[in-house]
Amino acid sequence: MWRLKIGEGGGGPWLRSANGFLGRRVWEFDPDAGTPEERAAVERLRRDFTRHRLQRKEAQDLLFRLQYTKLNSLPASIPSMKLEATSDVTEETILTSLRRALNQFSTLQAHDGHWPGDFSGILFIMPIFIIALYVTGSINTVITSEHRREILRYIYNHQNKDGGWGTQVLGPSSMFGSCLNYATLRLLGEVLDSENEALAKGRAWILSHGSATAIPQWGKIWLSILGVYDWSGNNPVIPELWLVPYFLPIHPGRFWCFCRLVYMPMAFLYGKKFVGPITTTILALREELYSIPYENIDWKKACASCAKDDLRYPRSQLQSFVSASLNKFVEPMLHCWPVNKLRERALSNLMEHIHYEDETTNYIGICPINKALNMICCWVENPNSSSFKRHLPRIYDYLWLAEDGMTAQVYDGCQSWETSFIVQAFCSTDLVNEFSSTLERAYEFIKKSQILENHPNYQTYYRHRSKGSWSLSSVDNGWSVSDCTAEALKALLLLSTMSPSLVSNPIKEERLYDAIDCILSFTNKDAIILNPSESFRNIVADYPSVECTSSVIQALILFKELYPSYRTKEIENCIKNAVTFIEDNQRMDGSWYGSWGICFTYGTFFAVKGLVDAGRTYDTSSSIRNACKFLLSKQQVTGGWGESYLSSESEDYVDKGTPHAVNTAWAMLALIYAGQAERDQHPLYRAARELINMQLDTGEFPQQEHAGCFNCSLYFNYANYRNLYPIWALGEFRRRLLANRN
């Protein structure tokens, strides 16, 4: 039986940590674990998901909950309730709902203080790990038979009715998702025969939609590495670009960190034209993925081909001209002596940067994509190197198990990010003294998750300062993030002011100052650069977002109230400019577009909270009045809000038709902060009734359509949003009702 291990190492001499593996989550299989009844329960959950997989795509994370229900006993049960449309929502009913939710939510906290959960939803991440392990000959070293069984379960469970796979759990089939998941099934030993109908349907979808020649650019690179697509069919990823002077705007050091660190190993592998071992499975895939013989494919034509299912951002004429010129003139020239010496230097330079990234992230990487690519690069450089061996045990940091099988997460977790919001949600309820031990553990986790030092020579490697910051996940990941730092700082300050008795060992002031220094250093400017990807939006430049800006405003204002003498002028200027940015980016309909969540309810919640904290009110700010008008116009007849992920793609609000607990909470919080409870409480009562009625018998709120978004392009699950935001909204509403009565 599988068990989730928290904060443990293992992995022998090749696994190391900067702070004792704090926040690390790894699923391990123990053949002797579990009673017969527990094993039977697990199998029932798996069968139930598979039976309903086309109607309910999102797993409920029930295997984790099954384990933690046994580990952490609940207090006396508080009965559930359902409110009729005519029933009153009272302070008492809200309080009962909150206690039920908080009691259950507290049992899901790990011993180190964070809340584990499934941070997945993107369907090409597991395939790239399997490809990386396959081409380096390491698949059997990392993937046991039990891993294989659960990975297969997941891929089959998330195959669409039409036979293909999507780029993510949400959305239709794509060539990217279909080719990589089909190839993964074959690499894991699945056989295309008359008995495997699912595999046959997958192949039929690929061939009927243009074959693997129509896979988008990232997919072409991965298939080239695997040996089932020729490198000549790729747009050039020139390694020499890293050698141009830094002052030029095309230098990759100026790119957004995710883009830079993904294209860096891609450039190395492109420069090497690396191809993994050509096995019988690879030869079979060369036949199965194409409608014509492999040797007859026109790779020059394939280079410009992209299936319409994947083509979200068509290439401009300028991009096509640049790519054609690089392929026809620049790339051949770089292979000629003596210019080819430049390539050797460029590849050596890239490996230096790759090793720096690996070392400073403890071989986790900034994301799973660059981790898998870096691992291959280390193997190409030296298959027996310690660098390659250190990569292998860190793959487990990305794997997550649920009733739908084993997936690979979009990051090594979001421990710091979600724990910071959970603390704020608990604080909103005014019940912190009832859950003191829970909050004490959370405080310690956040405090210990701060990055205390800058990485050595960080500017040489185009890195930002990290001292004083928080990452999305853990110290071991090491990548500082502006809004993660702001939200962590807010959580620490809130707890220290609301309930000082909870904070027996408060964080030192110097570390708070370090956090402020880091936040102030993140000020951004807009940029416009050509996008090399057909499938993902805005991946080259680090564009400012309303959500990150709002988080910074809120943190700076709270800090300024408590520490008014530290960098006062700079903080005031930053707040002023940030508020102007938010107001300038409001849409005509009163909403704000959310880049990191779905979508307009998310962006509007953050925007309103930032403006209100900065002193704007409904009476003094047209931005807030228009935001309230927008949100109220989107409230459903049931009282809730339900926004589809399609809003992110269409850039217009798309109503899902059914209420979503997280969207409802975001909209409700924005209205509460904008003073709706002081003007007209009726919309808030309706929303509160909807949330209370959505609450499950366990006290939790339901897992619904994924509400997380990565830069407007990819959609995934934040496991704890389903609970923390409804708790936060109900807590704030109850607090306002009490304040108004008094």
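This short talk covers the aromatic rings in this structure. The model is predicted: local features need pLDDT of at least 70, side-chain atom pairs count only at pLDDT 80 or more, and totals for chains, interfaces and linings use all residues. Residues are numbered from 1 along each chain as its sequence is written, and side-chain values use heavy atoms, with hydrogens and water left out.

How many aromatic pairs does a search of the whole structure find? It finds 51. Rings of Phe, Tyr and Trp (its six-membered ring) pair if their centres lie within 6.5 Å; planes under 30 degrees apart are stacked, over 60 edge-to-face, and the rest tilted.

Take Trp115 and Phe426. Their ring centres are 6.2 Å apart and their planes are at 40 degrees, so this pair is tilted. Trp115 is in the loop between α3 (91-107) and α4 (125-135), and Phe426 is in helix α17 (residues 415-428), so the pair ties together parts 311 residues apart in sequence. Helices here are DSSP runs (H or I, at least four residues), and strands are too (E, at least two), numbered from the N terminus.

Is Trp115 buried or exposed? Buried, at 2% relative accessibility. Phe426 is buried as well, at 1%. Buried means under 20% relative accessible area, exposed over 50%, partly exposed in between (1.4 Å probe, protein chains only).

Next, Phe129 and Tyr398. This pair is tilted, with 5.5 Å between centres and 50 degrees between planes. Phe129 lies in helix α4 and Tyr398 in the loop between α16 (386-391) and β3 (399-402), so parts 269 residues apart in sequence are tied together. Phe129 is buried at 1%, and Tyr398 is buried at 0%.

Last, a cluster. Ring pairs link residues including Phe119, Trp417 and Trp728.
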